[in-house]
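Subject: A structure for you to look at

Hello,

Here is the structure I promised to pass on to you.

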Amino acid sequence: MIRQRREELGWSQARLASAAGTGQAVVSRIESGHLNPTVDMLRRLASAMNTELRLTLLPHGDPSAPEPAGRTRSR
């Protein structure tokens with residue numbers, strides 16, 4: 001979602017990073033799924049892109065919950 005919104009704005013990773021007060025490498029790692037951002041970082045990225053941030057809490061093990069980046073669910 002972050003990459004999609006950034007690209008909709010026509011922004012580079014460096015521009016988003018600067019607007020959010022972080023480094024381009026951090027944005028790259030978040031977009032590629034190699035770094036799970038903190039809630040604070042998500043707020044900063046959303047604010048920089050003038051985008052609303054919505055968080056949903058789901059019970060642990062909820063089958064409707066998406067898997068974290070880089071993980072697969074065992075069946």
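First, some ground rules. This is a predicted model, in which local features need pLDDT of at least 70 and side-chain atom pairs count only at pLDDT 80 or more, while totals for chains, interfaces and linings use all residues. Residues are numbered from 1 along each chain as its sequence is written, and side-chain values use heavy atoms, with hydrogens and water left out.

**The whole protein**

The secondary structure comes to four helices and zero strands, and along the sequence the pattern reads α-α-α-α. Helices here are DSSP runs of H or I with at least four residues, strands are runs of E with at least two, and both are numbered from the N terminus. Of the 75 residues, 23% count as buried; buried means under 20% relative accessible area, exposed means over 50%, and partly exposed lies in between (1.4 Å probe, protein chains only). The accessible surface comes to about 5700 Å², and 50% of that belongs to carbon and sulfur atoms (Shrake-Rupley method, 1.4 Å probe). If you look at contacts (heavy atoms within 4.5 Å) between residues at least 6 apart in sequence, 41% of them join residues at least 24 apart.

**H2 with H3**

Helix H2 covers residues 13-20 and helix H3 covers residues 24-31; they pack at an angle of about 110°, with axes 8 Å apart. That makes H2 roughly perpendicular to H3, a word used for angles of 65 to 115 degrees. The axes are lines fitted to C-alpha atoms over the stretch in contact, and angles run from 0 to 180 degrees between N-to-C directions. The crossing of H2 and H3 is right-handed, meaning that the near helix is turned clockwise from the far one by less than a right angle. On the H2 side you will find Gln 13, Ala 14, Leu 16 and Ala 17, which meet Gln 24, Val 27, Ser 28 and Glu 31 in H3. By class, the residues of this contact are four nonpolar, three polar and one charged. Nonpolar covers Ala, Val, Leu, Ile, Met, Phe, Trp, Tyr, Cys and Pro, charged covers Asp, Glu, Lys and Arg, and the others, Gly among them, are polar.

**H2 with H4**

Helix H4 spans residues 39-48, and its axis comes within 8 Å of that of H2, crossing at roughly 110°. That makes H2 roughly perpendicular to H4, and the crossing of H2 and H4 is right-handed. Here Leu 16, Ala 19 and Ala 20 in H2 meet Arg 44, Leu 45 and Ala 48 in H4. This contact has five nonpolar, no polar and one charged residues.

**Single residues**

Which residues does Leu 16 touch, leaving out those up to four places away in sequence? They are Ile 2, Arg 6, Trp 11, Val 27, Leu 45, Ala 48 and Met 49. Leu 16 is buried, with a relative accessible area of 0%.

Asn 36 sits in the loop between H3 and H4 and is exposed, at a relative accessible area of 53%. Asn 50, in the segment after H4, is exposed too, with 71%. Its phi is near 50°, a positive value in a residue other than glycine.

Enjoy exploring!

Conventions: Angles under 35 degrees count as roughly parallel, over 145 as roughly antiparallel, 65 to 115 as roughly perpendicular and the rest as oblique.
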